Each structure stands twice: as structure tokens, then as C-alpha cells.
Protein chains: 2
Amino acid sequence: MEQPFYLKDHLCFSIYACSRSISRMYQPLLNQLGLTYPQYLVLLVLWEKGECSVKQLGQMLDLDSGTLTPLLKRVESKGLILRNRSREDERKVTVRLTDQGSALQEKAQCIPDALLRSSGMLPEELQKLNQSMKLLNQHVSQYHKSIPQKE
Amino acid sequence: MEQPFYLKDHLCFSIYACSRSISRMYQPLLNQLGLTYPQYLVLLVLWEKGECSVKQLGQMLDLDSGTLTPLLKRVESKGLILRNRSREDERKVTVRLTDQGSALQEKAQCIPDALLRSSGMLPEELQKLNQSMKLLNQHVSQYHKSIPQKE
DNA sequence: CACAATTAAATTTTACACAATATTATTTGC
DNA sequence: GCAAATAATATTGTGTAAAATTTAATTGTG
């Protein structure tokens, strides 16, 4: 008695579609900063932490070096960050903001506002939704890691 | 008095990260079907509708032809769908399931179950979350479309 | 000290996303 | 009755994602 349910009933699709529509909604704003959405996320981390290794960025954003390395090179070529091998441990690459990269933070303040305004929801509702999504994400991630993929 | 809030407070990031972690959690299951996540979504639509134009698929999934055309060619090469120019209107390409593609539906039943089990939530909670995400998606999409990008 | 195991990045490959443009088919206006 | 507008796909180019492999540096153990 399996229920073959409709696309609209699949939570995974709602989340996937919503993620892409937020990114599209942000795009005209991000264009003015010369950033893509994942690049903006990297700067959010750096504005918060000041300086970071590629590894730490990957842990915060849940992205691997295969994604981050070329992305960081593009952000570096825009003059917003610097990438340097750590002197204590030559395996590590330290990423830090340039003055230009730091200065961009102020111009980026409008971006979270755009989500609030476009959402048609109250700040409390969005906060609650954020809590739910973080909880779901934790559960799904841990479940995934708890299953040995091969031996 | 701007509040420069943390990455963890950005709903956009929770949604973006959750979308990717669900897709990663699905992957071992999708591998057994020989599908990627977007390819699975295309099949969900076809299992529901039977047959579809590329245009209709794009409307259902919110994807454009630049994404769908190569994706559909890959699914066709696996023998799961057929792509044909419509005879009434030669501009349209009709996509329909092969027997093999139809047969895959049964083996895919376990995928929504995996989200339910991994989520640590009750079906009602997931349904509620789905409602919220669909509503947010609608608002964000319409807001985006209501802003003329250029003239 | 030696050297295997581990760790951090980078590289390679495949597959999306999506903007912009091109191509071809249909419809519409006059 | 045909030029112009519109519509549906396809193509191209840029930028992620993520698995798998490689390279280089560090650490643990005998």
C-alpha cells in the first residue's frame, strides 16, 4: 500500500527549489557586489571570523576543497581576499580579507533584508523556520554519516 | 545600528545547506537506480504526468532548457525516457517514459522514506515544513519576478 | 631516526544551474 | 500572404558541487 505521492508533496523538492529561488532573488543585489551566492557565503564567514583556513571554511559551509579552491581563486582575483600558505603548517592555506573585502560588508547589509521583505513573513517566523531547517539539516547529515558507505 | 548577524542566523544558508545534505543522503540510494538527484526529480514528474514537454518539465521543476536539455539526453541514453518532436507543433519536444523508466518507480519508493527516517521528525512535522517552504518559495519567486531586471 | 598513516589542498572528472544567444517553428498584424 | 513578433529548444560560457585521485607536509610508533 505504497503512496506514490506528487512532486508537490516532496519536502526535498520544496527545499531544493526554495534554495534556488532565493539565490535568483539575491542575484541583482549580488551582481552589484560582483559576487556569486557561494562567494557571498565565504565572505559572510570571513566577516565573522576575520581569517580562516580553507579547511575551516569547508567545515563552516559544508563544502570541500574541490569546490572552494577554484571559488577562492576567483574571489582572490577580484581583490577581496588573500590566500597564503600557513608558515607553521605548510599544508594549510590561510584565507583573509583585504581592505576592499572588509569594506564590502557594509554594502552587503541589504541582502538579508531582501529575504525578509520578499518572504512575506515576520522576522519571528523566519527565525523559527531557520531553527527547523538547521535541526533537519543536523539530523539528515548525522544519519548520512552514520551509514558506512563501503568497507 | 545594523546587526551583522552570524552565518548560522541566515535562513538562506540553512536552506542551501539542507538541500545539499538531503541530496548527499539520497545519493547511495540514487546510485542504485543509476540516477542523480535532478534526474530523479524529472522522473518524479514523468511518473506523475506520464508524458510532458520540455517546457512543462521546466515549469514544474523551475529549471530552464539550458539545464534540462543535456540532463534529458543523459537520462535518454540510460534508456529510461524517449525524446521526440511533437507532430502537431514541431517546436515542442515530448518526453515520455520507456518501460524501463516506468519500472524504476517501484524501486524509488524507498527514497522519500529515507528522508522521513533520517529527519528525526514526524510525518506531520515534515508536512508542515513542506507547507512553509512552498509558501516561502512562492513569495520569494513572485517578489523576484515583480522586479523588472532591466528595460 | 625511519616510515607508515594521517591530514590539507589541489586537481580531475562528471553533472548540474543559469544567463545570454542562436535556431527553428508557429502565429499575428496589416 | 508575408514580414514581424512570439514560442520552444538548443548551444555556449561561467561558476559551482562533489567524488576520486594526487601531492606534499605532519604525526605517531617502534
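## Chains A and B: a briefing

Chain B gives 61 residues to the contact and chain A gives 61 residues, where contact means heavy atoms within 4.5 Å. This is a predicted model, in which local features need pLDDT of at least 70 and side-chain atom pairs pLDDT 80 or more, while totals for chains, interfaces and linings use all residues. Residues are numbered from 1 along each chain as its sequence is written, chains are lettered from A in the order in which they are written, and side-chain values use heavy atoms, without hydrogens and water.

**The interface**
- The two chains bury about 5700 Å² between them, 67% of it on carbon and sulfur atoms; this is the accessible area (1.4 Å probe) lost on putting the two parts together, summed over both.
- Two salt bridges are found across the interface, each a side-chain nitrogen of Lys or Arg within 4 Å of a carboxyl oxygen of Asp or Glu.
- D62(A) forms a salt bridge with R24(B), with the closest N and O atoms 2.3 Å apart.

**The α1 pair**
- Helix α1 (residues 11-33) of chain A packs on helix α1 (residues 11-33) of chain B at an angle of about 140°, their axes 9 Å apart.
- Residues in this contact include I15(A), I22(A), I15(B) and I22(B).

**Chain A itself**
- Chain A has seven helices and three strands, which are DSSP runs (helices H or I, at least four residues; strands E, at least two).
- From the N terminus on, its elements run α-α-β-α-α-β-β-α-α-α.
- The C-alpha trace of chain A spans about 60 × 50 × 25 Å along its principal axes.

Terms used. Axes fitted to C-alpha atoms, helices over the stretch in contact; angles between N-to-C directions.
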